[in-house]
Amino acid sequence: MRKKIVAGNWKMNNDIKKSLSLISDLLGKLPQTEAELMIAPTFVNLIPSVEAVKNSKIEVIAQNMHFAESGAYTGEISADMLTSIGVKTTILGHSERRAYFNETDESLSKKVDTALKHGIRVVFCIGEELADRKANKHFEVVGNQIKNGLFHLPAEAWQHLVLAYEPVWAIGTGETATPEQAQEIHHFIRKTISDKYGKDVADNVSILYGGSVKPDNAKEIFAKEDVDGGLIGGAALKADDFVSIIKSI
Ligand code: PEP
């Protein structure tokens with residue numbers, strides 16, 4: 001079912017002390033909300049973070065996962081490893097993974113398959129680079145990321161997917177898509193899904209916006225019809241900012 005979601009991607013930030021202190025701050029300040037709340041700490045801090053959010057509204061999710069079941073993949077983390085510690089959702093295809101770790105639509109489609117096979121929900125990231133946007137190719141790029149990464153899935157699988165549209169030019173840059181730009185492409189994303197799977201499937205997918213969402217711009221972006229929440233980077237590292245963004249939904 002389509003839900004409002006606010007997710008914080010902590011990336012490679014926060015050692016154990018800072019992670020637990022941020023969680024404690026968040027728990028102390030959380031407003032009442034219908035939205036689902038997620039945080040994605042680094043792998044080494046997942047276990048204590050899962051423990052720390054127990055019985056709260058916050059879900060601890062992973063930032064990434066490997067497609068193989070197990071084996072000779074030094075430095076990688078498997079689906080089983082995540083589920084065995086109570087992690088039930090992972091981000092996949094973040095633009096930093098695509099850009100710095102050569103993740104491709106093809107490898108991501110395999111990761112999605114493995115995650116879903118293990119009952120792990122996926123927050124699947126898509127988004128164009130600045131050059132694509134300047135060349136007016138953003139619809140084509142985003143459309144292809146969806147088709148190549150996800151269109152092999154059966155319709156039922158979509159209930160376990162959340163999409164996060166994150167224009168690369170807006171991530172960590174302080175530059176945000178305008179609410180109108182966000183709505184335009186979120187609508188396009190929903191239509192792309194609808195054209196392949198039908199309106200019911202498309203209407204039930206949560207599509208998050210990510211890219212320099214801050215307390216002062218969240219409300220306007222979240223107000224748009226096809227924006228179901230946000231994937232938040234920098235502002236998720238400060239409890240007050242993250243809480244303020246949650247209050248905007
Ligand atoms: C992100 O990396 O997912 C992100 C949206 O980062 P920021 O909010 O810092 O732009």
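Which are the buried residues of α11? They are A239, F242, V243, I245 and I246, where buried means under 20% relative accessible area, exposed over 50% and partly exposed in between, with a 1.4 Å probe and protein chains only. The model is a predicted one, in which local features need pLDDT of at least 70 and side-chain atom pairs count only at pLDDT 80 or more, while totals for chains, interfaces and linings use all residues. Residues are numbered from 1 along each chain as its sequence is written, and side-chain values use heavy atoms, with hydrogens and water left out.

**Overall form**

- The protein has eleven helices and eight strands; helices (H or I, at least four residues) and strands (E, at least two) are DSSP runs, numbered from the N terminus.
- A compact globule with 249 residues would have a radius of gyration near 18 Å, and the 17 Å of the protein agrees with this. The radius is taken over C-alpha atoms, and the globule rule is 2.2 Å times the number of residues to the power 0.38.
- The C-alpha trace spans about 45 × 45 × 35 Å along the principal axes of the protein.
- Of the 249 residues in the protein, 52% are buried.
- The accessible surface comes to about 11,500 Å², and 51% of it belongs to carbon and sulfur atoms. Accessible areas come from the Shrake-Rupley method with a 1.4 Å probe; for residues, only the protein chains shown count as cover.
- Among contacts between residues at least 6 apart in sequence, 71% join residues at least 24 apart, contact meaning heavy atoms within 4.5 Å.

**The sheet**

- Eight strands form an open sheet in the order β3-β2-β1-β8-β7-β6-β5-β4, with parallel pairing; two strands pair if DSSP finds at least two bridges between them.
- β3 (58-60) and β4 (89-92) stand at the edges with a single partner strand each, so one side of each is left without a neighbour in the sheet.
- From one strand to the next, the twist averages 25 degrees. Axes are lines fitted to C-alpha atoms, for helices over the stretch in contact, and angles run from 0 to 180 degrees between N-to-C directions.
- Strands β1 (residues 5-9) and β8 (residues 229-232) run parallel and are joined by four bridges. V6 stands opposite G230 in β8.

**Helix α11 on the sheet**

- Helix α11 (residues 239-247) packs on the sheet and touches β1, β2 (36-40) and β8. The direction of α11 makes about 160 degrees with that of β1.
- The buried residues of α11 include F242 and I246.

- Most residues other than glycine have a negative phi.
- N136, not a glycine, has a positive phi of about 60 degrees. N136 lies in the loop between α6 (130-134) and α7 (138-150) and is exposed, with a relative accessible area of 58%.
- S212, also not a glycine, has a positive phi of about 55 degrees. S212 is found in the loop between β7 (206-210) and α10 (218-222) and is buried, with a relative accessible area of 8%.

**R97**

- R97 is found in helix α4 (residues 95-100).
- Leaving aside neighbours within four places in sequence, R97 is in contact with N64, N102 and E103.
- R97 and C125 are 28 residues apart in sequence and 9.9 Å apart in space, C-alpha to C-alpha.
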